[in-house]
Amino acid sequence: DLDHGSQPHALYQQLLQSLATNGTLVAIASKNDPNVVTQALKRTDLRLEASMVFPLEVGWGAKSEMIDRILAAWNVAADAVAFVDDSSFELEEARSRHPSLVCLQFPADPAAALELCRELRDRCGRAAPSAEDRLRRAGLVARANAESERVASGTSMEDFLAGLNARTTISFGCRQ
């Protein structure tokens with residue numbers, strides 16, 4: 001609302017929602033208590049739907065380590081990602097580990113926040129997303145869920161393959 005100066009954050013969230021809807025991957029790296037973030041993402045006044053965010057990296061470790069896990073989950077290099085934070089310390093810590101990462105500071109000034117949104121739109125937006133763009137996040141989430149289930153079940157890939165009781169036949173011969 002106007003009294004609390006939340007318009008820049010709402011505009012930023014709307015931009016992220018629009019980008020995510022069109023296939024841009026959006027993740028969260030937050031130094032916070034996971035329960036607090038989970039509850040915050042359930043708020044009905046947010047402009048970014050929690051389902052549009054993957055992965056969600058929350059804890060008290062270095063943000064660069066969170067970014068490592070996000071890059072691995074997305075299977076992309078740091079130069080394909082923009083990292084936005086309101087802390088210059090966090091931006092520099094991330095940049096020290098990932099020099100090719102685009103690091104952008106979320107400004108306190110509302111007018112500068114509008115410029116940040118323009119820059120992100122120009123960097124990440126697509127005029128016409130492909131079908132693959134729209135499916136990418138769902139595929140990554142499904143893969144992560146399957147891996148979590150496999151780990152939770154205690155089944156290793158070797159155990160899975162052994163359980164198939166498969167046989168391979170190799171024949172060396174000439175056919176005429």
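Predicted model: local features only at pLDDT ≥ 70, side-chain atom pairs only at ≥ 80, totals over all residues.

Residues are numbered from 1 along each chain as its sequence is written, and side-chain values use heavy atoms, with hydrogens and water left out.

**Entry 1: Asn75.** I looked up Asn75 and found it exposed, at a relative accessible area of 62%. Asn75 sits in the loop between α3 (63–74) and β3. Helices (H or I, at least four residues) and strands (E, at least two) are DSSP runs, numbered from the N terminus. Asn75 is not a glycine, yet its phi is positive, about 55 degrees. I noted the background: most residues other than glycine have a negative phi, and most peptide bonds are trans.

Entry 2: I checked the peptide bond from Phe54 to Pro55 and found it cis, with omega near -10 degrees. Pro55 belongs to strand β2.

**Entry 3: β2 and its partner.** How many of the seven residues of β2 are buried? I found five, so I wrote down β2 (residues 53–59) as mostly covered. Strand β1 (residues 26–31) pairs with β2 in the parallel sense over five bridges. To count as a pair, two strands need at least two bridges found by DSSP. I looked up two bridge partners in β2: Val53 for Val26, and Gly59 for Lys31.

**Entry 4: the β-α-β units.** β1, helix α2 (residues 34–41) and β2 form a right-handed β-α-β unit. Right-handed means that, with the strands pointing away from the viewer, the path from the first strand over the helix to the second runs clockwise. I also found a right-handed β-α-β unit made of β3, helix α4 (residues 88–97) and β4. Strand β3 (residues 82–85) and strand β4 (residues 102–105) pair in the parallel sense over four bridges. Val84 has Leu104 as its bridge partner in β4.

**Entry 5: α1 against α5.** I looked up helix α1 (residues 7–21) and helix α5 (residues 110–124): their axes come within 9 Å and cross at roughly 10 degrees. That makes α1 roughly parallel to α5; the term covers angles under 35 degrees. Axes are lines fitted to C-alpha atoms, for helices over the stretch in contact, and angles run from 0 to 180 degrees between N-to-C directions. From α1 the contact includes Pro8, Leu11 and Tyr12, and from α5 it includes Pro110, Ala113 and Arg121. Contact means heavy atoms within 4.5 Å. By class I listed 12 nonpolar, no polar and one charged residues.

Entry 6: Is Gln17 buried or exposed? Gln17 is buried, at 13% relative accessible area. Leaving aside neighbours within four places in sequence, Gln17 is in contact with Arg47, Leu48, Glu49 and Met52. Gln7 is partly exposed, at 34% relative accessibility.

Methods
Parallel < 35°, antiparallel > 145°, perpendicular 65-115°, else oblique. Nonpolar A, V, L, I, M, F, W, Y, C, P; charged D, E, K, R; others polar. Buried < 20%, exposed > 50% of the residue type's maximum accessible area, 1.4 Å probe, protein only.
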